[in-house]
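Have your viewer ready, and try each task before reading its solution.

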Amino acid sequence: MGCGGHSKVITSQSIRHLTPNEVTMPVQSRETNGTLPHVTQNGCPFTGSTSTAPRRAQRLTYHLKDTHLTDTLHLKATNVSPCSSGKCMGSVVRQREPFPPDYKRPKEEVLEQAKEFIDDYYASMKKENSEDHERRWRDIQTQVAETGLYDLEYDELLYGAKMAWRNAPRCIGRYQWNNLQVIDHRNVKTAKEMFDAVCDHVRYATKDGQMKTAISIFPMRTDGKHDYKFWNKYLFQYAAYQQPDGSVIGDPANLELTEVCQSLGWKGKGTPYDFLPAIVSANGEDPVIFDWPEDVPLEVELRHPKYDWFEELAIKANCIPMQGDMLFDVGGMQFPACPITGWFQSTEPVRDLLDENRYNMTEVIAKKLGYDTSRYNSLWKDAAFLECHIAVLHSFQMKGVMTQDPYTLTESFMKHMEREHRVRGGCPSDWVWIVPPSCSSLTPVFHQEMLNYHLRPALEYQDAGWKIHTWKTPPTAPVFTQYIRTKKRCSFKAAAMAVMFAAGLMRKTLNKRVKSTILFASQTGKAETFSHSLCDLYKHAFDAKVVCMDEYDVTQLGKEQLVVIVTSTFGNGDPPDNGETFARALMQMKNQNGQTGPGDSPLSAVRFAVFALGSRAYPHFCGFGHSLDTLLEHLGAQRVHPVGEGDELCGQEESFRAWAESAFKSACLSYDVGHGVDMSEATANLLGSDLSWAPDKFRLVQAKSNRDTDLLEGSCSPAAESAASPAAAVLLHQLLPTHVPGRNPRNTGCSQLPFTGAKNFHLPDDPSMPVLMVGPGTGIAPLRSFWQQRQMEIKSGRNHGDMTLVFGCRQSQIDHIYKDETAHAKSDGALTDIYTAYSREPGTPKTYVQHVLYNQLSERVKYLLENNGHIYVCGDVAMADDVCTTVQKILEEKSAMTSAESEAFIRNLKDCNRYHEDIFGVTLNTREVREAARSVETADSISNGHSIENGQ
C-alpha cells in the first residue's frame, strides 16, 4: 500500500527535547558522561520519558539541512508505549498486544472514546457545540446506555477511516489519506456476501491499474463472539508447499496459512505462484474458503528491459497489496474486518522475491549477472537487488499497474510530514518502517528524526483467525488443535439486545414530510439522469421533486427547506447553458445583500447539498458545482453534506452512488427523519439504468439537424453522457468497428447528442480587431477556418486587422503539415506573421509555443491586449495553462502589473470574450480494450502535449 510494509531497518534515533530557551526542559536527560539516564519503570531509555512523567513538546531535526520540526500532537497520544526500563521496543514488529478474544469495551470506556471522537468530528467541520453536535452526542449516550454500543453514521465512518490511515505511523503512503475511498458493507450477513463485496472492492480499486486507496468496512464487533473476519493477513498471497526433502515450492512465509487452507478443504495446483483462497468467517461462524475469480487477482510476470534471461526465470509478482486482518478502532467501536487496498512501494515485491525466508532468488539472479557469490565484497547482493528492482518497475509499468519508487515516495512523505506538523502539530512516524530497505541513506527520510506514538482512530493488528477462533464444530487438523477454542452459548442478554435492535429497524417515521427540491444543470444530460435517480431515493423520506435550473423560479429559493443541486461543468469551469440564469441570479442576490449578518441572510432557512460533475482532465475540475456550493453558503444557506465530485474519467457513477447515499443520510439526520427507511431498499435503484457502453448497443447514425455530425444511437437513455468528453472519445474509438471515411473523429456524439464545442470560439464581429492565434499540434485545426475566412473576406474587399499565428510541433520535416497552406495564407495577406516552435528539431534546443510568445512576441501581446485585440488558444490543457501563465508574465513585466492584477486582467478578458480557449483534456493513443471487469487502457504516449514537462 506504499506503506513500507516490509521496510524494517534498525537504527538508533536521537529525538531531542527543546532547550529551556525554546519551550521546556526535558523530563530527564542523558548523563554528561554519556551513560544511559536513570529511568523509572515503564520508561524509554532513549528519551528518558516515563509513563507517569508529563509530556513535553519535542523538536525533530532534519540532519541534511539542519532544519527542525516541533511535535506537539503526541501530547494527545494514547499511553500505550511498549518501552520499559532499560530497553527500547522501537524495532519490535508487534509492539502492542492485540485485543484479546471475546473483548468488549466497558461502557465507560466506550463513552470516553466516543466523546473524544465525536468532538473531533464536529470540530473538523467547524460545527463544535452546534445543535447537531449536541443532539448527536445525546443520541450516542442513549444507545450506549442501552446496549454498550452505538451505530456510526456514514460520514463519521468516512472521517474515522481517513483519520485512522492518517494516524498509521508505519505507512509511508498516507500522504493520500484524504483520498481514501470508504465502502460501507456493515449490512452484510454471510461469508459469501463478505467475499463478493471484497471482490467488488478489488475490481474497483484496481481498475485500469490505477490502484486506488480504498477500505471496505464490515459489521462492527458486538460482544467479541460474533465477529466478521478475514483470516488472511494479506488477501493476495502465494501458497507454500512443503516437500519431503524439506524444500518449499512457493512462498515459505505462508507455510502455516497454506496448511490452514488445505485443512479447510482447499487443493492448490502445486506451482510456485498459486494464490491462496480467502478465508472468511461471518457472525462468529466457522470459516469458509473461497477461490478468487480469475478477473480479481492481478499479477505481473517480471521482465527486464536489458536482460532477456530474466524472463526465463518465470518470476511472478502480486500487484495488489490488500491488508486483510487489521482491526479498525474508532470512537470506542471496533470493526474486525476492514480490508484496505493501496499500491506497492516498488521495493516490496523485490523483497518478496529476494529475502532468504521468501523466494530467496538473490543468488540465482547474481549468478545470472556474472557475479562471484562466494565473497560478499563483490556486492553481488546489491547488484541482484538493483536489477530485480529495475525489473519490477519495468514490469509494473508495462502492465499499466501503479507502483512508486522509494525516491518519489519518500519525497512525497517528507512534504506530508512538514504539512502535518504545520496543520496539526505532528505526524506519528515509525522511522524503522518508513525508511526504505534499499537506497536508505539516499532518501530524505533516513536523515529525518521522527516521533512514534499511537493515536485513535487507528488500524490495529489482530491475532491470526485460526489461533483465536471459537469453533462451532471443532476441527481435528493439528494446525488448529493447538489453538482450539470451544463453542460457548449466547447469553439471554445478548439475544434480547439483538431483538431490540431489530425492532428499532422496523420503526416507521411519523414525521411530516420535509420538502426537497432537486435542481440540475446539464450540458449533455448526465446530471439530469443523476437528479431523477436521486429523487427516487429522497422520496423515501422527503417530499422530493426535480426541476431544471432554467425552469426554476429563483424568487422561491428562500422559501425552500432542502435544496439538492446536481450540476455538470462545461469546458473550463463554466456553467452549462441551462445553469447560466440560475448562477447569474445567485450572483445578483449576493451583490445586493453584500455583507449582512447571519439573521439577514436571504437563504438562512435553506439547507443544501451539491454534487458536481466534471473531468479531471480540465484544470477547474467541477468548477461550477464548487462555485454554487460557495455562493449558497455565502448567502446563509446551511450545508448538510460536503460537496461531492464525479470524475467522468474515473468512476463517476460509483462516486455519485456513494455520495447520494451519504448525503441522503446527512439530510435525514439534519431533519431528524427517515428513521424507518430501509437503506438497502432505498438505494437499490440508485442509477439502476444501464449506462455502460458496449459495441453491440450503439450504431453510427446521421444527425437530422446537422449533416456534418455523426452520432451514436443505441439503447442508452437520451440523457446519457455525450461523447464530447475525452473519456467518451476514447470509448468511441474502441466501439466503432471500422473507420468511417470522410468523418472528423471530433464530430461524434452519443444518444443523438452532437459534439459540443467552445461556443464563443469564433472571430470577432469587428474584422479590424487584431488577432493572435496559438494552436500547436492538432490545436491548429479550428484556427484554419479563421485564416480561410480571412482569405474569403480579402477577396470580397473587406478590411481586416493583423492576424498572427503561433504554431508548434515536434519536427519541421515531419509534423509541420500545414506549412505550405499557412505560407499561402500569408502571401494572400490573411496571416500577417507566422511563428513556429519545434520541440524535437535535430540540433536545436526544445522550443514551445509559450517560449515564442515570451521571447519574440511580448510587445505584440501587450499591444494587442491594449487595443481590443483577441487571443485564441486551442490545444490540450497543459499547453493552454502554460500559455495563460506566459501571457500573465508578459503583462506583469511589460505593463507593470502585479500577479493579482494580471490574473484579474486575464479573467476579465475571458469574461468579455477576448481571451478564447478551446481546450481538451487528454489525447490518448489506446490499445485494444477487452470487455473485462478490469480492462487496462494503456496510454502509450501523450501526443501533442505542450507543457515543458510533457514535451510537444
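The exercises below look at nonpolar cores, backbone geometry and cavities.

This is a predicted model, in which local features need pLDDT of at least 70, side-chain atom pairs count only at pLDDT 80 or more, and totals for chains, interfaces and linings use all residues. Residues are numbered from 1 along each chain as its sequence is written, and side-chain values use heavy atoms, leaving out hydrogens and water.

**Exercise 1.** Find which residues touch the most other members of the largest nonpolar core.

Solution. Start with the term: a nonpolar core is a set of buried Ala, Val, Leu, Ile, Met, Phe, Trp, Tyr and Cys residues joined through side-chain atoms within 4.5 Å, where buried means under 20% relative accessible area, exposed over 50% and partly exposed in between, with a 1.4 Å probe and protein chains only. The largest core has 73 residues, and Met-194, Phe-236, Trp-292 and Ile-365 touch the most other members. Helix α9 (residues 380-399) gives this core its largest share, 8 residues; helices (H or I, at least four residues) and strands (E, at least two) are DSSP runs numbered from the N terminus. Apart from this core lies another, of 35 residues, including Leu-152 and Phe-335.

Next, take Met-194: leaving out residues up to four places away in sequence, its contacts (heavy atoms within 4.5 Å) include Val-188, Phe-218, Lys-229 and Ala-337.

**Exercise 2.** Locate the cis peptide bond and examine the positive phi values at Asp-208 and Asn-868.

Solution. First, the cis bond joins Arg-456 and Pro-457, with omega about 0 degrees. Pro-457 sits in the loop between α11 (431-434) and β18 (458-460).

Second, Asp-208 has phi near 65 degrees and belongs to the loop between α4 (191-206) and β4 (214-217). Asp-208 is partly exposed, at 21% relative accessible area.

Third, phi of Asn-868 is about 60 degrees, in the loop between α24 (858-866) and β30 (870-876). Asn-868 is partly exposed too, with a relative accessible area of 46%.

**Exercise 3.** How many cavities of 30 Å³ or more does the structure hold, and what lines the largest cavity?

Solution. On a 1 Å grid over the protein atoms alone, a cavity is a set of points where a 1.4 Å probe fits but cannot get out, and lining residues have an atom within 4 Å of a point. The structure holds 5 such cavities of 30 Å³ or more. The largest has about 80 Å³ of space, and its lining includes Tyr-103, Arg-105, Arg-221 and Gln-334. By class, that lining has 4 nonpolar, 4 polar and 3 charged residues.

Terms used. On a 1 Å grid over the protein atoms alone, a cavity is a set of points where a 1.4 Å probe fits but cannot get out, and a pocket is an open set with protein on both sides within 12 Å along at least five of seven lines; lining residues have an atom within 4 Å of a point. Grid points are joined across faces, edges and corners, and a volume is the space filled by probe spheres set on the points. Ala, Val, Leu, Ile, Met, Phe, Trp, Tyr, Cys and Pro count as nonpolar, Asp, Glu, Lys and Arg as charged, and the others, Gly among them, as polar.
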